[in-house]
Amino acid sequence: MAALGREAYLEWQLAFESIDDSALEAELAARYPWLNMSAAEMVAGWIEEVDIGHAEVTITRAIRGRRQLYERVVEMWNDHFNITSSGLTMAWTRAVDERDVIRANAMGTFRALLGASARSAAMVLYLDNAKNIAAAPNENYAREVMELHTTGVGPYTEQDVREVARCFTGWTNHLANAGEAALTFKFDPALHDDGEKVVLGRVIPAGGGIGDGEAVLDILASHPATARHVSGRVARHFITPAPGESLIDRLAGVFTATGGNIRAMVREALSTRCQTHARPKFKRPFHFAVGVARALEATMPHAGQLRLKLAQAGHMPLKWETPDGYPDRTSYWAGALLWRWRFAASLMYNEMTGVEVDVPRLMFGARNVEQIADRIDSIVFGGTMPMLTRVLLEDYLRANNPSNGVMAEALGLAISSAEYQWF
Amino acid sequence: MSGQREHEGCGCLEYRGLSRRGFLGAMSAAIAGAPAWLPRVAFAADDRASRDVIVSIMLRGGADALTMCVPWGDPWYLPLRGALAVPMPGAGLNAATDLDGYFGLPPAMLPLLEAYSAGKLAIVHACGSPDPSRSHFDAQRSMEVGKPSDMTLATGWLARHLLTSSPMKSDAVLRAMSITPGLPRSLSGGPLALPVADPSNAGLTGRPASKSSRMQLLSELYADTDEPLRSIAAQTQATISMLEAINFKGYVPAGGASYGVDPFATALKSAAALIKAQVGVEAVTIELNGWDTHVSQGIFAGDMATLMQTLSNGLKAFHRDVIQSSIINVVVVAMSEFGRRIAPNAGLGTDHGHAGMMLVMGHKVNGGRVHTIWPGLDHPFDDRDLAATIDFRDVLGEIVRHRLGNAALGEVFPDYSVVDRGVVMH
């Protein structure tokens with residue numbers, strides 16, 4: 001970033017398609033061959049390691065991927081369209097969902113992302129739309145597509161929930177034994193309620209078939225409340241945990257003006273004018289662990305150890321149980337400093353099997369306490385280490401005769417420090 | 001990075017205006033101690049000694065109260081519940097076990113019978129929130145914040161109870177612990193309140209010789225930072241020492257209690273060890289999640305049966321271990337954000353409903369009864385859901401006033417007058 005300058009770096013990262021990440025993807029595909037499989041192929045191979053593997057892929061991409069901004073956007077949509085992965089069928093369809101729904105549409109238009117999500121076999125299963133049939137509607141997806149994915153609570157009534165459920169009757173999946181189509185979306189006209197519906201005051205005429213659901217998605221995607229609700233998500237993810245009205249207005253304006261262009265919203269959110277007044281954001285455990293691994297250039301044969309650590313922190317990728325996605329609230333995460341301190345200690349004392357930090361290499365050439373502190377500043381804080389932190393670490397190094405072990409302790413303390421917990 | 005930090009709900013404009021709501025919402029104010037406007041509640045020393053320790057259990061997902069405590073005496077139960085009805089007592093396989101001639105327990109909840117029969121467990125039925133929301137997240141927020149339909153209040157009801165009461169132990173390093181990875185909203189803004197996912201594994205690892213100097217440096221590394229992190233760091237330091245002194249791994253339950261190995265039972269067991277260690281922790285929160293049974297609910301064998309067994313077996317062990325065998329007064333309360341619809345859906349599940357039930361267990365609970373003002377399934381809320389005739393704040397409020405010895409109910413449950421339902425002893 002320093003080499004490019006802020007604006008150029010942002011544009012480079014926004015144009016993620018032109019950043020070559022093929023070496024990492026090839027390595028991942030070799031270790032996790034299901035990454036490029038259809039659900040039918042996973043069924044046929046009865047691949048059982050997708051669930052934990054998927055979390056490891058997410059961690060590995062975050063640490064080693066060159067498309068850093070893209071991965072952050074993907075993370076945001078994984079929260080927004082959260083699907084808990086548990087059980088083989090969910091794990092298989094969830095893997096397809098992330099690849100073909102979230103990653104494929106992460107920087108596209110919101111309407112395309114929403115539409116792909118509505119036809120995602122994993123979403124159909126997770127929010128029970130496979131059981132949503134004309135004879136007895138199931139409201140789970142109908143409610144959450146409004147409350148969580150689009151407008152947020154407010155614009156719709158309980159009657160709207162019932163009507164939207166009717167519109168999505170018959171949106172289901174091929175069963176696991178359906179050959180090549182296994183566990184993919186299908187519309188079943190026989191299960192669809194083809195009567196007239198009224199959604200948010202708009203009449204959806206009888207006989208619309210699968211068009212009913214699409215009409216609902218059109219209504220929702222273009223609703224002013226959706227522009228604001230999605231803007232709130234973008235603002236909380238990229239700017240501040242408690243965005244003000246003016247910030248939401250600005251992002252919602254971009255949403256409306258660009259027809260829900262996600263890339264344009266992310267560009268605006270990361271612009272100097274939006275970031276200038278942003279207060280620091282508390283790192284979630286995932287950001288803490290991934291940030292540490294990147295900063296200390298930790299090597300590991302795979303991300304299994306980090307996955308276990310994140311599970312202890314209640315932040316293993318793709319494992320939030322409810323459809324609202326992992327919280328962004330500081331108050332939720334800040335209490336668990338203990339986990340961070342323990343993480344730092346076990347990393348620096350080589351207690352995470354296979355995860356290695358080469359302290360002598362990181363510190364090579366640093367000949368005295370001041371130079372070691374400079375190196376820690378550069379590695380951990382990007383040159384912004386607060387003076388008090390520096391003084392305390394220097395005192396610690398002086399008092400302990402800086403061997404490799406003590407330098408490792410100092411690094412561990414640096415990542416345990418207050419300053420490191422904030423973006 | 002040294003600028004002012006954002007804390008949700010603080011709303012710095014409000015904060016500057018010193019509005020009451022801003023203060024209630026201000027996490028930083030809460031951490032720093034009781035705000036000046038709060039009434040100074042004087043506690044007699046003996047009052048403090050007789051207060052209960054509270055264990056608050058959140059059952060997230062919307063637990064189906066009509067299965068957990070079956071209103072088999074309601075003539076509409078069997079016809080309206082249809083395929084998901086628990087058979088009447090005596091009606092053969094999977095039949096309900098009668099409690100009082102009107103309500104009964106399904107097979108998976110039978111482990112509760114011991115505490116119920118001992119008079120230590122009360123069920124409060126048709127209980128819920130006046131907020132009609134069927135959103136999990138809004139309804140959980142309403143319940144945990146303790147003020148329905150208020151999206152600005154950021155502190156939790158349990159946090160405000162702690163803020164308006166003196167510590168049970170004056171030198172307590174921690175007054176409340178959530179045995180979860182993150183802090184639930186009910187404790188948000190509470191003084192000396194931390195989440196600890198695994199209390200039995202709380203120490204810093206690494207070179208033993210440097211441990212105390214690393215701990216010392218950590219405390220200095222947080223001495224200059226903004227709230228809430230500064231307080232959290234100090235509390236974490238003290239909590240590490242406190243927890244390391246308790247032998248969780250060697251803990252032997254009393255009264256022949258046997259805890260399972262599932263996370264819920266493990267958390268209850270840790271809570272029991274923590275309470276018996278008498279280190280001043282007076283509130284513990286635990287969660288048992290996954291009650292959102294839209295499809296294939298499985299009330300006899302399946303997802304919901306497993307959850308009910310986990311819940312009732314855990315409470316059974318805790319009853320034997322703590323309620324029956326310890327002289328420390330404890331009150332346990334379990335709640336869920338809402339109940340589920342009266343009629344099942346086509347997938348043998350139930351969609352989001354309205355009223356639910358609460359479980360209250362403890363030394364001084366008016367147990368062995370189902371407390372309710374039964375509305376009748378033929379008088380549904382919104383045409384399809386169990387109506388709420390008892391506000392959840394009545395139950396929590398009664399506990400706060402009579403078992404936790406805190407008369408400041410106006411602060412704990414703002415803008416609400418708690419109605420005494422006789423669920424706990426006075």
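How many Å separate the centres of domain 1 of chain A and domain 3 of chain A, taken over C-alpha atoms? In this predicted model, the separation between those two centres comes to 34 Å.

**Domains of the two chains**

Chain A is divided into domain 1, covering residues 6-221, domain 2, covering 224-275, and domain 3, covering 285-421. Where domain 1 of chain A meets domain 3 of chain A, the contact takes 31 residues from domain 1 and 24 residues from domain 3. Chain B, for its part, is divided into domain 1, which is made up of the stretches 44-197 and 248-412, and domain 2, which is made up of 200-245. The contact between these domains of chain B takes twelve residues from domain 1 and nine residues from domain 2.

| Pair of domains | Separation of centres |
|---|---|
| Domain 1 and domain 3 of chain A | 34 Å |
| Domain 1 and domain 2 of chain B | 33 Å |

**Chain B as a whole**

The secondary structure of chain B comes to 15 helices and eleven strands, and of its 426 residues 61% count as buried. When the contacts in chain B between residues at least 6 apart in sequence are considered, 72% of them join residues at least 24 apart.

**Two helices of chain A that meet**

In chain A, helix H6 (residues 88-105) and helix H7 (residues 110-118) have axes that come within 9 Å and cross at roughly 170°. Because angles over 145 degrees count as roughly antiparallel, H6(A) is roughly antiparallel to H7(A). On the side of H6(A), the residues in this contact are Val101(A), Ile102(A) and Asn105(A), and they meet Ala112(A), Leu113(A), Ala116(A) and Ser117(A) in H7(A). Sorted by class, the contact of H6(A) with H7(A) has five nonpolar residues, two polar residues and no charged residues.

**A helix enclosed in chain A**

Helix H14 of chain A, which spans residues 262-269, has six of its eight residues buried, so this helix is largely enclosed by the rest of the structure. Which residues of H14(A) are buried? They are Ile262(A), Ala264(A), Met265(A), Val266(A), Glu268(A) and Ala269(A). At the start of H14(A), Asn261(A) has a side-chain oxygen that reaches to within 2.9 Å of the backbone nitrogen of Arg263(A).

Notes. Residues numbered from 1 in each chain as written. Chains lettered and ligands numbered in written order. Predicted model: local features only at pLDDT ≥ 70, side-chain atom pairs only at ≥ 80, totals over all residues. Heavy atoms only, no water. Axes fitted to C-alpha atoms, helices over the stretch in contact; angles between N-to-C directions. Helix = DSSP H or I, 4+ residues; strand = E, 2+ residues; numbered from the N terminus. Parallel < 35°, antiparallel > 145°, perpendicular 65-115°, else oblique. Contact = heavy atoms within 4.5 Å. Nonpolar A, V, L, I, M, F, W, Y, C, P; charged D, E, K, R; others polar. Buried < 20%, exposed > 50% of the residue type's maximum accessible area, 1.4 Å probe, protein only. Polar contact = N/O pair within 3.5 Å; in protein donor to acceptor, adjacent residues only side chain to side chain. Domains from an automatic or database assignment.
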